[in-house]
Amino acid sequence: MAQISQHALETAVQQYRDPYLGKDLYELGAVKSLTADNSGKVTVMIELPYPSKGIAGALKELLTNALDDVDGVEGVDVHVGQKIHSHKVQKDIQSVPGVKNIIAVASGKGGVGKSTTAVNLALALHAEGARVGILDADIYGPSIGMMLGVPEGKRPDTKENKYFVPMEAHGLQANSMAFVVTDKTPMVWRGPMVSGAVMQLLQQTLWNELDYLILDMPPGTGDIQLTIAQKVPVNGAVIVTTPQDIALLDGKKGIEMFRKVDISVLGVVENMSVHICSNCGHEEPLFGHGGGERIAEEYGTTLLGQLPLHMTIREQTDGGIPSVVAEPDSEVARRYKDIARRVGAELSTRERNLTGSISSVSVTEH
C-alpha cells in the first residue's frame with residue numbers, strides 16, 4: 001500500500017473553518033493528532049476551545065468526508081472534544097476557587113428578560129458540554145431559584161458553618177440570596193451591603209470545578225452594579241436588551257460601565273426581537289427592529305443572537321423548567337444553544353490566565 005501523504009491529510013482537515021471563530025482547526029490549535037496506520041486508517045483528535053457538543057456531529061461528518069477523499073485512506077476515525085481554559089480578569093482581582101470563568105449577564109434596565117436569558121444561557125452552556133454554575137446577584141429581586149424549580153423554602157447545605165454547598169438544578173450548580181431569605185424579606189440594603197452580600201455568596205460557595213459561572217447582575221448601571229463589577233473577577237460580560245429605543249440607550253450604558261472597569265463585553269443578546277403569535281405563528285417586531293445589531297456595530301462587539309417574544313418562554317421559566325430543558329429540540333432552545341457557543345467562542349479569543357489551575361476550597365469532613 002502506498003504511503004498516505006501527511007500533507008494531503010492536513011490539507012483536507014484545513015478545509016473546515018470553525019463557524020464561530022472563522023479559522024481553520026490548525027489556526028485554532030484544535031488538531032491534537034492526525035495519524036494514518038499501515039492499513040490506511042486515519043485517526044484525528046480534535047479539541048475545540050469552547051462548548052461545542054451541538055456541532056461535534058457535523059464536524060465529525062465533514063472531516064470524515066474530506067479525509068475519505070485522500071488517496072490511500074481506507075477508513076477514518078474522528079474524535080471531537082473540548083477544553084475550556086481560564087481567561088484573565090480585571091487587574092489585581094483574585095479568581096474564585098473552583099471557577100475558571102465568570103460571565104456577567106447584565107442589562108441597563110429591568111424588564112428586558114435578563115434573568116430568563118441568564119438561566120437559559122447557563123443551561124445551554126451545560127447542554128453544550130460545559131460544567132456550569134449560576135449565581136443570582138440580583139439581591140432586590142432574586143428569581144433564579146424559582147426559574148430553576150428549586151422548591152420555596154429549600155436551603156443550601158453548609159460546611160464548617162462557613163461555606164454554602166450550591167444547589168443542584170437541571171445540571172447546574174446554583175446559589176442565590178433567595179435561598180437564604182424568604183420572599184417576604186424586604187431587601188432594604190444600601191450599595192455596600194448589597195455588594196458585600198454578593199461577594200459573600202460568591203466566595204463562600206463551594207463551586208465544584210466550573211468552566212463557567214453565570215452571574216445574573218442586578219438591572220441598571222448605578223453604584224451597586226459598578227461596585228459589583230469592580231470587585232467580582234469577571235472574564236466577560238453579556239448585555240441583554242430589547243429593540244426598544246429606551247432599552248437600547250440603557251444597553252449602551254451597560255457596555256460603557258463594563259469598559260470603564262476593564263471588563264471585556266462578549267456581545268449583545270437582543271431579547272423580544274419579534275413577537276410570534278401563539279395562535280397563527282405570525283411574526284411582528286413589536287418593539288422595533290435591528291436595535292441589537294446597531295449597538296453591536298457601534299461598540300465593535302458581537303450580536304450574539306436574537307430571541308423571540310413568545311408565551312412559552314415565560315410559561316416554562318415561571319414553571320421552573322426553562323425552555324432549554326423543557327423543549328431541548330425547539331427553535332427557542334436551538335437559539336439559546338447557538339448563543340452559548342458564540343459566548344464560549346468569543347471568550348476563548350481573550351487572553352488566558354496562565355497563573356495555573358483554579359484551585360478549589362478545601363473543606364474538612366467531620
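Which residue takes a positive phi in the hairpin of β1 and β2? That residue is Gly40, with a phi near 95 degrees, in a hairpin that has four residues between the strands. Before going further, please note that this is a predicted model, in which local features need pLDDT of at least 70, side-chain atom pairs count only at pLDDT 80 or more, and totals for chains, interfaces and linings use all residues. Residues are numbered from 1 along each chain as its sequence is written, and side-chain values use heavy atoms, leaving out hydrogens and water.

Strands here are DSSP runs of E with at least two residues, helices are runs of H or I with at least four, and both are numbered from the N terminus. Two strands pair if DSSP finds at least two bridges between them.

β1 and β2 (residues 41-48) are antiparallel and share five bridges. Within this pair, Ala36 stands opposite Val42, and Val31 stands opposite Ile46.

Contact means heavy atoms within 4.5 Å; axes are lines fitted to C-alpha atoms, for helices over the stretch in contact, and angles run from 0 to 180 degrees between N-to-C directions.

**The eight-stranded sheet**

Another open sheet has eight strands in the order β8-β9-β5-β10-β4-β11-β12-β15, again with mixed pairing. β8 (167-169) and β15 (303-306) stand at the edges with a single partner strand each, so one side of each has no neighbour in the sheet. Here the twist averages 25 degrees from one strand to the next. β8 runs antiparallel to β9 (residues 172-176), joined by three bridges, and Ala169 stands opposite Leu172 in β9.

| Helix | Strand | Angle |
|---|---|---|
| α11 (residues 331-348) | β15 | about 175 degrees |

**How confident is the model?**

The predictor's confidence in each residue is the pLDDT, from 0 to 100. For the protein chain the mean pLDDT is 86, and 86% of its residues reach 70 or more. Confidence is highest in strand β10 (residues 210-216), at a mean of 97, and lowest in strand β13 (residues 275-276), at 59. Over residues 360-366 the pLDDT is below 50, and this stretch has 14 contacts in the model beyond near neighbours in sequence. Where pLDDT is low, the predicted coordinates should not be read in detail.
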